[in-house]
Amino acid sequence: MINRVVLVGRLTRDPELRYTPSGAAVCTIGIALDDPYRKDDQGQFLPNFFNVVAWDKRAEYAANYLTKGNKVGVDGRLQYRSWVDQNGQKRSTVEIVAERLQGLESRRDSEGGAQPAGATPSAGTSDLGPEDYHDPFADE
């Protein structure tokens, strides 16, 4: 079976970094991307919104280098989770677990500054591979 998602979009909010009781970093981000098949009354593409979860190094990268509005590339897998909330209601969600996460613009670009000629936007990018990924739910 194949479970692969590749998206490029913009962050809808600042990353939210937390740590599990065992000390693993986990970060949630929201991304939006235009749906080329849906338009509003003015002809603008309507966005799709997705929640992304990043663990460990990717989580810390997102918290340190990404902010609301940044363009980001996500390569990962879909995950379904369900739980019972504090009111006893059963809740569920489908989210993207990032196996690769990369900022697609430099901090200077995201702040509206010009990039010097010949400069490379390498600061603030991450290209972590599967060997860097630890899925805390794998043992369940």
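**Strand pairing, helix burial and salt bridges**

User: Which residue is the bridge partner of Val 53 in S6?

Analyst: The partner of Val 53 in S6 is Val 97. S4 and S6 pair in the parallel sense over 2 bridges; two strands count as paired if DSSP finds at least two bridges between them. Helices (H or I, at least four residues) and strands (E, at least two) are DSSP runs, numbered from the N terminus.

User: What sort of model is this, and how are residues numbered?

Analyst: This is a predicted model, in which local features need pLDDT of at least 70 and side-chain atom pairs count only at pLDDT 80 or more, whereas totals for chains, interfaces and linings use all residues. Residues are numbered from 1 along each chain as its sequence is written, and side-chain values use heavy atoms, leaving out hydrogens and water.

User: How many bridges join S5 to S6?

Analyst: Strand S5 (residues 71–84) is joined to S6 by 13 bridges, and the two run antiparallel. One of the pairs is Gly 73 with Gln 102 in S6. The hairpin of S5 and S6 has 5 residues between the strands, and Gly 88 takes a positive phi near 85° there.

User: Changing topic: which residues of H1 are buried?

Analyst: In H1 (residues 56–65), Arg 58, Ala 59, Tyr 61 and Ala 62 are buried. Buried means under 20% relative accessible area, exposed over 50%, and partly exposed in between (1.4 Å probe, protein chains only). These residues cover an arc of only 165° around the axis, which puts them on the same side of H1; the arc is that of the directions from the helix axis to the C-beta atoms.

User: And what covers the buried residues of H1?

Analyst: The cover includes strands S2 (16–19), S3 (25–39), S4 (45–55) and S6 (90–103), with contact meaning heavy atoms within 4.5 Å.

User: How many salt bridges does a search of the whole structure find?

Analyst: The search finds 7, each a side-chain nitrogen of Lys or Arg within 4 Å of a carboxyl oxygen of Asp or Glu. Among them, Arg 4 and Asp 75 meet at 3.1 Å, N to O. That pair links distant parts of the chain, 71 residues apart: Arg 4 precedes strand S1 (5–11) and Asp 75 lies in S5.

User: Are Arg 77 and Glu 99 buried or exposed?

Analyst: Both Arg 77 and Glu 99 are buried. Their side chains form a salt bridge (3.4 Å, N to O), and Arg 4, Asp 75, Arg 77 and Glu 99 are linked in a network of salt bridges.
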